[in-house]
Amino acid sequence: MMYNIGTTMMMKRYIHILVALGAVFCTFGANAQERVYVSTDKECYIAGEPIWFSVYCMADDKGGFSSVSKVAYLELHTSGGVFSTVKVALKEGRGCGRMLIPLTVPTGNCSIVSYTGLDGGNSTEAFAGKIITIFNTLSSAKVPEGVEIVPSDLPVKGDGVPQVGSNVFSVDVQKDDTGIEGAFPVSIRNLSDKGIRFSVSIYHNDELNSLVGEWGYNNTSLLERRGGFSRSGRIDYAGEVIKAKITGRDNAAEQMDGKLVYMSAMGNTDDIYVASANGNGVVTFYTNNIYGTRDLVFEVVGDTSKAYDVEILKPDHIHKSVPVPVLKISPKMREALLQRSTDMQIARRFEADTLFNLMEMRETSFIGNVQPHIYNLDDYTRFPVMEEVIREYVKDLRVRKEGGETVLRILWDTRAKALVLLDGVPVLDHSAVVGMDPLLVRQIAVYPRRYVLNNLVYDGIVKFNTYKNDMGGIKLGRNVSIETHKGVEYPLAFLGDGVLGKENYPNFNSTIYWNPTAEIGAGETFGFYCAKPQYKGAFRMVIEGIDSQGKEVFFTTTFNL
């Protein structure tokens, strides 16, 4: 990780981590355990729909939210095994995310197993997670021994949604209010004397949800969804810890101990880290969380003609779930499934990022608050050679030849090289950037400050950003490897304001409102406008969360639109 140098002192990242970890374990306690609880926007889905998550990470010894781990892990288990793992970034013990159910997922019930890296070792007892139901309307695949066809007239077994603390909230839904066209106001009043952190969902309580709910799959409430894991010794204190195994491709026995390795994420971000390999060729990067599925670029410092294989190491722990109940399917679900499948396909066809709400994220930039000098090249007369562009327009930079090497330097009294980033990826050979086609570059940003990357000092940063974020097609050395990595989910919500005013958007979403990280003080009111969908029917609102004393709260109500 990289830090800029202040006027009085400079400290490296690993020192911060060691000091922080010492303080953490002094206060957290040797026997305390982090427990992760999950609420979702609903309980019944079809393949192709999103699952919206809200995550609560609690310190088991105190009953409050944990400030230790910054990543939670959710595994979706069926009776046939784990079919997906999701990482969720945490801030003060809270997080959220969105997972699109793959169209290849078989029909069946699944349990959500949740944990942190700190307390995510092998299972000491089976995890009793929330049960969600997934139907695949585009495939006949079913979870092995996980689905049972039952007669339509089989008797009802009761509501599967727990009723806990239903007297905590008072809810008012003004369905006919015209304050905002295409939306209706909802107010939630906290009747208790405690603050509450919660999720709130409003979804179409269609026949499919009603029929699945009759079988009572979710008969455990929020804080009962728990199990035991051994302590792993791994902690995502600042963000996800990424470990990679580096092996010489030309010489597998090559000594890797002490070799510096850069790791960066493509996409014009500030996800740049460097660390040294140990004697086994394992290098550990303490990230501030890398969001989304990204291509990670690994570069071993040294001879660019040497090639290396990179394997991102994943923890190998056994996580057991209690037996997942068999999903009962009745012929009377047919019409409801067909309608939900149609609505899902419409939603996927018109889905766009602008429809979602990006919730609060932790600041992850190593650059800090330094304001760069920006050069948007479309504002200037274009030159066909990058060196000419730099000499004529970018007053902060100079191109130098030193010992036969092309070097970019920022104009100040120093001899250190600048750190050159091309679409977020460090380019140690500056001649590769100086020699690229300037017509592919959209912007040059110069940060005129000193930065430290591990034990390397750079006098400033120069960011070259291309139009396509594809590094302009430059040729990388053999010492560079690219691996795809699934990072933490973006903290997204669906508050519905993104669909308001869009006359051509067909709002057939099953979930019409989802706020995963709402908060309300004692006696206070939480209000919002909910966008109306383009269909009529019964809707259900579910409020689920934890109060300031670590106790669970739950409220549900239904209404018609």
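**Loops in a chain of strands**

Mentor: Start with the whole chain. It holds five helices and 37 strands. The radius of gyration is 27 Å, close to the 24 Å that the globule rule gives for 561 residues, so the chain is as compact as a globular protein of that length. Along its principal axes, the C-alpha trace spans about 85 × 55 × 50 Å.

This is a predicted model, so confidence comes next. The mean pLDDT of the chain is 87. Of its residues, 91% reach 70 or more. Strand β34, residues 511–520, has the highest confidence, with a mean of 97. Strand β1, residues 2–4, has the lowest, with a mean of 43. Over residues 1–27 the pLDDT is below 50. In the model, that stretch still has 51 contacts beyond near neighbours in sequence.

Now the packing. Buried residues make up 53% of the 561 residues. Take the contacts with a separation of 6 or more: residues 24 or more positions apart account for 77% of them. The accessible surface comes to about 24700 Å². Carbon and sulfur atoms own 49% of that surface. As for charge, there are 58 positive and 65 negative side chains. The centres of the two sets lie 3 Å apart.

Follow them in chain order.

Begin between β8 (94–100) and β9 (108–116), where Pro102 lies in the loop. Pro102 is partly exposed, with a relative accessible area of 32%. Look past its neighbours within four places in sequence, and Pro102 is in contact with Ala47 and Gly48. Phe83 is 19 residues away from Pro102 along the chain. Their C-alpha atoms are separated by 9.7 Å.

Next comes the loop between β11 (130–135) and β12 (147–149), which holds Pro144. Pro144 is exposed, because its relative accessible area is 57% and the cut-off for exposed is over 50%. Ile101 is 43 residues from Pro144 along the chain. Between their C-alpha atoms the separation is 18 Å.

Move on to Thr178, in the loop between β13 (169–173) and β14 (183–190). Thr178 is exposed as well, with a relative accessible area of 71%. Pair Thr178 with Ser264, 86 residues apart in sequence. From C-alpha to C-alpha, they are 50 Å apart in space.

Further along is Asp423, in the loop between β28 (419–422) and β29 (425–426). Its relative accessible area is 1%, so Asp423 counts as buried. The backbone deserves a look too. Asp423 is not a glycine, yet its phi is positive, at about 55°.

Finish with Asn469, in the loop between β31 (456–466) and β32 (480–486). Asn469 also has a positive phi of about 55°, although it is not a glycine. Its relative accessible area is 34%, so Asn469 is partly exposed.

Asp423 is buried, while Pro102 and Asn469 are partly exposed. Pro144 is exposed, and so is Thr178.

Conventions. Residues numbered from 1 in each chain as written. Predicted model: local features only at pLDDT ≥ 70, side-chain atom pairs only at ≥ 80, totals over all residues. Heavy atoms only, no water. pLDDT = per-residue confidence, 0-100. Helix = DSSP H or I, 4+ residues; strand = E, 2+ residues; numbered from the N terminus. Contact = heavy atoms within 4.5 Å. Rg over C-alpha atoms; globule rule 2.2 N^0.38 Å. Buried < 20%, exposed > 50% of the residue type's maximum accessible area, 1.4 Å probe, protein only. Areas by Shrake-Rupley, 256 points an atom, 1.4 Å probe, with all protein chains shown as cover. Lys, Arg positive; Asp, Glu negative; His and termini not counted. Charge placed at Lys NZ, Arg CZ, Asp CG, Glu CD.
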